[in-house]
Amino acid sequence: MEWWKDAIIYQIYPRSFQDSNGDGIGDIPGIISRLDHLQALGVGAVWLSPVYASPNADNGYDISNYREINPEYGTMEDMERLIAEAGRRGIRIIMDLVINHTSTDHYWFRQSRDKNSPYANYYYWRHGGADGALPNNWTGFFGEDCWEFDPQRCEYYLHLFAKHQADLNYHEPAVLEEVKDILRFWLRKGVAGFRCDVINILWKDSLDNGKKRLALTGSEHYLSLEGTHEILRQLREVLDEYNAFTVGETVFVTPAQARDLCASDRRELDMVFSFEHMECDQWFLKWFKRKFRPRVFFECLTKWQQELDWNALYLENHDQPRSIPRFGSAGHWRESGKLLAVLLLTLRGTPFIYQGQEIGMVNFDFSRMRQLNDVESKNVEKVLRRLHIPQKLRWKIISRTSRDNARTPFQWEAGPGAGFTVGRPWLGINHNCESVNLAEQENDSDSIWSWYKDLAALRNGSEVLRRGSFTPLETGDQVFAYRRALGEEALTVVLNFSDKPARTALQGGVVRSSAGRDRFDGHLEPWEAVILD
């Protein structure tokens with residue numbers, strides 16, 4: 001049963017969703033207390049960013065024990081209660097599966113430091129070269145070298161991310177068996193599946209030097225290789241025992257590679273998160289921004305809609321800046337927030353709403369580096385400093401791209417703590433919580449929250465929007481229009497990505513209009529979205 005094709009999925013970043021005990025850190029009991037919010041929104045599943053035991057070098061993506069809950073978030077009993085309480089509301093729970101690397105605090109890694117241990121080959125260990133040279137010239141995802149010397153083993157270990165996140169070695173068969181056991185552990189507890197972190201880089205075919213690149217030198221030795229496909233097929237055998245769902249975070253994939261990963265006959269993943277549409281406003285690397293051009297964005301979305309049978313749809317997540325200032329307009333906050341909601345919920349595929357997106361949360365309003373928590377941002381700032389980039393420019397680059405933009409606590413209400421905590425929040429709360437918060441929008445029929453609820457209900461009740469075909473009608477510099485059709489039924493979506501009015505030849509009866517009109521004559525207000533029958 002492909003339930004995920006009919007569901008709206010909601011991502012929770014547990015640290016920032018709801019604090020229940022006043023320590024300033026979101027937790028599992030806090031999530032439970034907000035399940036009615038998710039039910040009201042009409043979501044069918046929740047993807048939780050990691051809640052496993054972790055020293056938090058990368059906020060839970062450095063796991064020290066896959067079978068324990070981080071005490072900051074609660075207990076295993078809390079987790080079991082969350083699965084049960086969500087299930088009573090018709091909401092499935094999807095765990096975050098991080099199996100490219102573990103924390104260096106993990107038992108496997110600690111044992112791996114002993115060359116005579118059964119765990120000795122669980123990670124990539126290598127001697128350095130002459131004169132203290134690193135084992136190879138690879139560079140990592142967080143803007144630094146990806147080898148760290150361990151004085152106990154007297155060798156270097158590979159880490160494509162932070163130095164506290166050591167890459168697992170799948171050339172050692174026992175590693176894959178360990179991962180299979182982890183899957184069974186959580187599936188027996190009733191989770192519905194997994195979001196698989198950076199899943200297309202598991203297999204490293206060699207540790208030879210790579211072709212020099214501006215970033216990610218060495219990536220030809222691990223990106224989307226056949227060895228990874230074989231790992232996924234073996235994991236699928238376990239997942240199929242439980243009819244479990246998987247969506248993979250897949251970096252630098254083409255549509256052809258995505259089809260290989262999620263083709264039903266290959267039995268690997270159900271769908272993938274691609275990144276190309278998130279790269280339309282950058283020059284190669286996320287830190288080097290260029291002007292957002294709607295036509296480029298439209299053409300990218302259209303390509304993936306046409307070349308993949310099913311897409312994982314998203315505009316925000318815990319690693320990306322907020323969508324309104326990025327793809328919309330700060331000056332037309334409400335209008336562009338509604339337009340982006342229409343885009344997300346009417347394309348073909350499974351929509352993922354990131355926490356706070358449904359009330360129009362925007363990027364942080366911090367003013368200095370010391371207010372940030374994100375390890376990636378801190379590493380990149382060090383690199384920019386070594387390159388003698390002036391401080392003001394360094395901050396401009398980091399403030400626009402930092403992952404902390406999406407990690408500020410959820411704004412439930414106005415006032416201190418924003419309804420997120422009665423304590424001191426682990427990360428600063430945006431001062432606009434006085435006006436941008438759920439309580440302010442709940443009883444406002446014209447709010448972004450009300451619009452999301454209405455659109456979610458429309459999608460959940462519409463076979464055309466859930467399963468219909470996609471046909472592009474217009475991809476201009478302002479207007480994006482497409483038709484969703486199933487049998488003799490069809491809906492047409494028209495979007496004006498501009499601060500200026502626009503015209504289109506499309507006309508018809510209005511199913512929904514963000515401008516509140518009853519009839520559409522081809523004239524679009526700035527940032528207006530209409531759905532026509």
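**Exercise 1. Determine how many residues the largest nonpolar core has, and which of them have the most contacts inside it.**

Solution. The model is predicted, so local features need pLDDT of at least 70 and side-chain atom pairs count only at pLDDT 80 or more, whereas totals for chains, interfaces and linings use all residues. Residues are numbered from 1 along each chain as its sequence is written, and side-chain values use heavy atoms, with hydrogens and water left out.

Step 1: a nonpolar core is a set of buried Ala, Val, Leu, Ile, Met, Phe, Trp, Tyr and Cys residues joined through side-chain atoms within 4.5 Å, where buried means under 20% relative accessible area, exposed over 50% and partly exposed in between (1.4 Å probe, protein chains only).

Step 2: the largest such core has 165 residues, and those with the most contacts inside it are Met79, Trp186, Phe194, Phe297, Leu343, Leu495 and Phe497. Its largest share, eight residues, comes from helix H5 (residues 173-188); helices (H or I, at least four residues) and strands (E, at least two) are DSSP runs numbered from the N terminus.

Step 3: leaving aside residues up to four places away in sequence, Met79 touches Ile28, Leu48, Val51, Ile69, Ile93, Met95 and Trp186, contact meaning heavy atoms within 4.5 Å.

**Exercise 2. Is His37 buried or exposed, and which residues does it touch?**

Solution. Step 1: His37, which lies in helix H2 (residues 35-41), has a relative accessible area of 8% and is therefore buried.

Step 1: residues up to four places away in sequence not being counted, His37 touches Tyr10, Glu358, Phe410, Trp412, Leu438 and Trp449.

Step 2: with Glu358, the side chain of His37 makes a polar contact of 2.7 Å (a pair of N or O atoms within 3.5 Å; within protein, one must be able to donate a hydrogen and the other to accept it, and residues adjacent in sequence count only if both atoms are side-chain atoms).
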